[in-house]
Amino acid sequence: MSTRTRDLTDADWWRTAVVYQVYPRSFADGNGDGIGDLAGLIDRVPYLARLGIDAVWLSPFYPSALADGGYDVDDYRDVDPRIGTLAQFDELVAALHAEGIRIVVDIVPNHSGSGHAWFQAALAAAPGSPERARYVFRDGLGEHGELPPSDWVSHFGGSAWTRVPDPSSGSGRGGQWYLHLFAPEQPDFDWSNPEVREEFHGILRFWADRGVDGFRVDVAHALAKDLTEPLPSYPRIARDVLKDDGTDVLFDRDEVHEIFRGWRKVMDEYDPPRSAVAEAWAAPSRLPLYARPDELGQTFEFDLVLEPWDAAAFRRSIEVALERARAAGASSTWVLSNHDIVRHASRFGLPAGTDLNAWLLSQGTSPVEDRERGAARALAGSLLLLALPGSAYLYQGEELALPEVADLQPEALEDPIWERTGHVEKGRDGARVPLPWTADGPSFGFGAGGAHLPQPAWFGRYAVAVEDADPASVLNRYREALAVRAGLLAGEGVRFVDGREGVIEFERDGGWRCITAFGAPAELPPGEVLLSSAPIGAGRVLPADATAWLRDPA
Ligand code: GLC
Ligand code: CA
């Protein structure tokens, strides 16, 4: 049953949408092989409808060798057979749309997977061929080309170049090198090649024609590179070397924005126009460029994922994000968790300043997280962001306050970061462990079989069925919040109320307000309590680590 009446023809839906990220291999497994799939997801559409989200963002579900969790795409126009079929994809779109839920798919344009037909053709073709010109192949340096063409490094560690055998020598002798800013199984496209640009226009149309409502654009800032010879030096990827004038060697070059203006034209061929959100790590002053109306429309705001549980820090990041959205004529995007970062229920349960990678390497033993406090803060933080103007991106499991799985054993890890960094960085698998749906059973209800990443014994406590039955659970607070929010949203206005340390309070258009007590309890102002993340104490005191929404007295 559903009471949703969301209008699927509304062109501006994305401005205020609550978008729920599904990492398909870890959401629900329909056939018991341990890998989440479309059948499992279709089965859970009623759960998503009951949660009250506006859209699903589906992380890559394409055929892939899984060198990087599906972000190594071998065919952009198909579904991985382990995940399902195109017919099931269509079924999923229909099932979501029937509930008034939109679907956003992940587009990975910086690189393909190494199994992609184009890359295979490039390997078989000669240097200088049109096949190689779709990627970035270069001769090596040194007397015999034995050194990489430049000092560029991969995000996952090591050189960004890998050498291939010379296809004409027949002896496997060394040939050219190709560029991969991520894993070697993720060769970068050459976006100065018009064939690549055309191909992606076709891919956008392929999914838009199937009813997809929007796109999440992976590493949007990286597509254009300075490939003039000799290749410029760029030995380190870091915030402090990133240029903010559109001329950086590898990131956020001006040509990137020209590419997305082309995408906007394609997305505007549809009625309603397709939406998009950029995953871009650019200089702060240039983030709004991606969100301009003639480009993608939105860009993720990631400042908050780096902030500790602290009122002043939150306030600063929120104001910066609101300002950037205003500058672009966009709406802001609130994020606390996704598949690349330690879950916020755990981050907020650890002492401020904890080195998260060191914590993961200690198997979660040092320091020990305070799960109860983490869950309270995580919910309070999410309710705070859900009260702000703009759209919110939730990551599967955060509605359960699911903690990070910090004690995955090295043998279980799938993230290429672990091997590529020589076991210095543990990687992102702890946020990608398959969801618990029931308190027990072979994989806590994820499927009839196992789970591709091992679930810890304590997972059952956070299961959907357990929280569903508990009126005080985090899951039921999320449901309530999304329902209340849908009735409150009106206007973009937000006015902060100053004066109380450790508290964030703001009024919204339409006569309501949100208050979060960070460090210490805070007395609530007058007005009906619409929702609170924790019980309100005597004397209308909001406990520490809690958020409440209030209707202002008439
Ligand atoms: C993005 C994805 C991440 C992936 C990378 C390479 O940052 O979110 O999961 O590893 O791009 O595609
Ligand atoms: Ca499966």
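This is a predicted model: local features need pLDDT of at least 70, side-chain atom pairs count only at pLDDT 80 or more; totals for chains, interfaces and linings use all residues.
Trainee: Which residue of β18 is the bridge partner of Val529?
Mentor: The antiparallel pairing of β16 and β18 gives the setting for this position. Looking across to β18 from Val529, one finds as its bridge partner Leu550.

Trainee: Which strands stand at the edges of the sheet?
Mentor: The open sheet has 5 strands, paired antiparallel in the order β12-β13-β14-β18-β16. An edge strand here pairs on one side only, and that holds for β12 (494-496) and β16 (528-532). Neighbouring strands of the sheet are turned by 25 degrees against each other on average, direction ignored. The edge strands are therefore, given that two strands count as paired when at least two bridges join them, the ones named above: β12 and β16.

Trainee: What angle does the direction of helix α11 make with that of β18?
Mentor: Helix α11, made of residues 371-386, packs on the sheet and touches β13 (503-508), β14 (512-517), β16 and β18. Another helix, α14 (residues 474-488), lies across β14, β16 and β18, and runs at about 135 degrees to β16. For α11 and β18, the angle between their directions is about 35 degrees.

Trainee: How many residues does domain 3 give to the contact with domain 1?
Mentor: The division puts 13-110 + 195-222 + 250-478 in domain 1, 111-188 in domain 2 and 492-551 in domain 3. Taken over C-alpha atoms, the centres of domain 1 and domain 3 are separated by 28 Å. To the contact between them domain 1 brings 23 residues, while the number from domain 3 is 21.

Trainee: What share of the area buried between domain 1 and domain 3 is on carbon and sulfur atoms?
Mentor: The two domains bury about 1,800 Å² between them. Of that buried area, the part on carbon and sulfur atoms is 70%.

Trainee: Which element gives the largest share of the side of domain 1 that touches domain 3?
Mentor: Across this interface there are 2 salt bridges, and the count of residue pairs in polar contact is 6. On the side of domain 1 that touches domain 3, the elements giving two or more residues are α8 (311-328) and α11. The largest share of that side amounts to 8 residues and comes from α11.

Trainee: What is the N to O distance where the side chains of Asp498 and Arg315 meet?
Mentor: The cut-off for a salt bridge is a nitrogen within 4 Å of a carboxyl oxygen. The side chains of Asp498 and Arg315 do meet in a salt bridge, with an N to O distance of 2.8 Å.

Trainee: Why is one side of β4 and of β5 left without a neighbour in the sheet?
Mentor: These strands belong to an open sheet of 3 strands in the order β4-β6-β5, with antiparallel pairing. Because β4 (137-138) and β5 (161-165) stand at the edges, one side of each lacks a neighbour in the sheet, and what each has is a single partner strand.

Trainee: What is omega for the cis peptide bond from Ser366 to Pro367?
Mentor: Pro367 lies in the loop between α10 (356-361) and α11. The peptide bond from Glu229 to Pro230 is also cis, with omega near -10 degrees. For the bond from Ser366 to Pro367, omega is near -5 degrees.

Methods:
Residues are numbered from 1 along each chain as its sequence is written. Chains are lettered from A and ligands numbered from 1 in the order in which they are written. Side-chain values use heavy atoms; hydrogens and water are left out. Helices (H or I, at least four residues) and strands (E, at least two) are DSSP runs, numbered from the N terminus. Axes are lines fitted to C-alpha atoms, for helices over the stretch in contact, and angles run from 0 to 180 degrees between N-to-C directions. Contact means heavy atoms within 4.5 Å. Domain bounds come from an automatic or database domain assignment. Buried area is the accessible area (1.4 Å probe) that two parts lose on being put together, summed over both. A polar contact is a pair of N or O atoms within 3.5 Å; within protein, one must be able to donate a hydrogen and the other to accept it, and residues adjacent in sequence count only if both atoms are side-chain atoms.
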